[in-house]
Amino acid sequence: MATFLYRLGRTAFRRRRLVVLLWAVGLGAVGAGAAKAPAAGDDGTSFMPGIEAQNAFDLIGERFPGSDADGAVARIVFIAPEGQKVTAAGNRAAIDTLVEEAAGQSQVARAVGPFQAGAVSEDGSTAYATVSYKVAAGDLTDADKQALEKVVDEARDAGLTVETGGTALATQPAAGGAGEAIGIGLAAVVLLITFGSVAAAGLPLLTAVIGVGISMCTILALGSAYGLSMTTGTLASMLGLAVGIDYALLVVSRYREERANGHEPREAAGIATGTAGSAVVFAGLTVVIALAGLSVIGVPMLTKMGLCAAGAVVLAVLVALTLVPALLGMWPDAVLSRKARRRPAGRSAGAGGNGGTRWARFVLRRPVTVLLAGVVGLGVLALPAADLQMGMPGAEAKPVSSTERRAYDALAEGFGAGFNGPLTVVADVRGAADPKAAAATIAERIEGTDGVVSVSPAQFNPAGDAALLSVVPSTGPSDETTKDLVQTIRAERPALEEGTGATFEVTGSTAMNIDVAQALQDALVPYLIVIVLLSLVLLTVVFRSVLVPVKAAFGFLLSVLASLGAVVAVFQWGWGAELLGVEQAGPIMSLMPVFLVGIVFGLAMDYEVFLVARMREAYVHGERAPQAVVTGFRHSARVVTAAAVIMIAVFSGFIGAGESMIKTIGFGLAVAVLFDAFVVRMAFVPAVLALLGDKAWWLPRWLDRILPRVDVEGAGLSRVPAAQDPTGTGTRPQEPART
């Protein structure tokens, strides 16, 4: 591995113009493809196959042809001026005009006004109209949305307060823009402080932006064919930028080190790519494993996000291995500090100590104290995770400045908290002797259930073998009582089926969110086990050790549980939520814990490989175990620290997003990197290695024989032939290796 990457780095350095040209052409090609590609629409796949709510949703589409169960819906809420009622003549005329004009739009399937549907609150202050579209929300054109906004504005001009809920005009959560700009700006500052060179700071930023640009353009170009969107690419954008900077940072840092040790530019680029590049390959591989593993959860959207992000990470690795050494070839001395450029050729910078050295020696002197402090501290932070409640925040989690949130609040005030989360019951009455009587019995039994406010009359399909009921609970869609109500209604099914010959299933957005949350919660532990086992296998191959991978996996569990605890404390319990602009505390987004586990696993293994690979390299070349820890910190602590700060900066940039989903992901990932890099990797890891000593690198002989040798520590570079060593030093003597 190291030898191959060494040659790749030297080749990229030598043929730098060709390499840069190929990357530029690639960026231009995918950019042109993205510009010409049609906009991505709904791919029509189920959100999560196998759960009851999805099965019922599919049954509605099958039994009620043309109902457009997945079509966009706009719920327009009317609030009369203080002291008036919506039933007043002027207000009623304005509402009827809006409904009539909305019904005339080309993509509208039907528009039902409040006076036809009886959708007026008891006090007459609030009413709502429902506008149903023939197409999904993602397929609505700007013209369709503008037409709806126009009629809403006309009703407002008549003196009514009008807010719009539903999916038709809902803003889609997406990262980018200001969040990425803030992250890039903070990363630039960190790199400039770390390297003391504008060129050295700018090169990782430039290559990361190129990698993210190619990734996002590819997603847009393939969006229509594979149902990808900018939302799907959110994770790819965040991770691609973060790891792209980190991987380039590692290679540039090693290049500077080799130049300081007296190697000429091309040789330094080769060694940097062979050693740091090996760490980048395996660090990237761990991230890809974690992201690709999201496909086993069974959520198509999650699978797409994971695979898109994995593709972005692969691009970041390729950029670090080819484009970075090529750009180093363009400006071989620009990335060096002024001090290094003034140093006479061939003079080594020496092996003096630094902050990493001092910290490592401190931990080696007090390993038990440091270990206990880290484990206890993270353990305390992890305690709130035991109270994790998963759900899918809706309009109630949006900013109060949004019309969706105001519509939600108005409906809750006028019609009750449960009105915003009605349950849809689809009754299959094919086996009933009297379908209408069976549907009526089901409706009567459900209406008598505690927690149900009302049940609508049964609406039959043309074939008469299925009926729809709308059930309004007494509590809001994210309330735990509503979840219990759904389970109670479903528990009544066997008795009703036996008595009527008909059966039913519960769906609707509220039931869908409940089922998805439960399914993801059930999948979380198995997914965690799978990626931990994969990490043990991969790190055993990389480090040729049994205990080092176990230590890495345990540290990962500590950091991910502590970060989950922090997310629960802020977004579910509301501790300090106002400081982050969280409008309303509540259940954690269902996808968030799975995202957190997968992404933090990949990033944790990144830092593990960055740091421990250098310790392994020193150990293999003859240093004793304690000294190898110090050497690893001397060379890698600053890089890992800078990489972690950059990650935190990039993820923190998304905390300012208006959408709760993006805000939660940004916060969770930022604190996870903070805990993992600065507590686990910088304290827990050296403390454990100090206590284990030489035993940390023990590997049974039988396992040593069957494991492939990947040479991540670059031992094979000492056997490079003289013909490939332009410094003229010939074959570098190999230092004694430990077994």
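Author: Let us begin with handedness: α16 passes α18 in a right-handed crossing. A crossing is right-handed if the near helix is turned clockwise from the far one by less than a right angle, and left-handed if anticlockwise. Helices are DSSP runs of H or I with at least four residues, and strands are runs of E with at least two, numbered from the N terminus. The model is predicted, so local features need pLDDT of at least 70 and side-chain atom pairs 80 or more, while totals for chains, interfaces and linings use all residues. Residues are numbered from 1 along each chain as its sequence is written, and side-chain values use heavy atoms, without hydrogens and water.

Reader: At what angle do α16 and α18 pack, and how far apart are their axes?

Author: Axes are lines fitted to C-alpha atoms, for helices over the stretch in contact, and angles between N-to-C directions run from 0 to 180 degrees. Helix α16 (residues 435-447) packs against helix α18 (residues 493-500) at about 150 degrees, with axes 10 Å apart. The pair is therefore roughly antiparallel (angles over 145 degrees; under 35 is roughly parallel, 65 to 115 roughly perpendicular, the rest oblique). A438, T441, I442 and R445 of α16 meet A495, L496 and T500 of α18, where contact means heavy atoms within 4.5 Å.

Reader: How do α17 and α19 lie relative to each other, parallel or perpendicular?

Author: The axes of helix α17 (residues 480-491) and helix α19 (residues 509-543) come within 10 Å and cross at roughly 95 degrees. These two helices are therefore roughly perpendicular. Contributors from α17 include V486 and R490, and those from α19 include I514 and D515.

Reader: Is D428 buried or exposed?

Author: Buried means under 20% relative accessible area, exposed over 50%, and partly exposed in between, with a 1.4 Å probe and protein chains only. D428 has 13% relative accessibility and so counts as buried. D428 belongs to strand β6 (residues 423-428). Leaving aside residues up to four places away in sequence, D428 touches R63, D465, A502 and T503.

Reader: Which residue lies 9.5 Å from P325, C-alpha to C-alpha?

Author: That residue is A268, 57 residues from P325 in sequence. P325 sits in helix α11 (residues 300-330) and, at 1% relative accessibility, counts as buried. Among the residues that P325 touches, not counting those up to four places away in sequence, are G9, F13 and T273.
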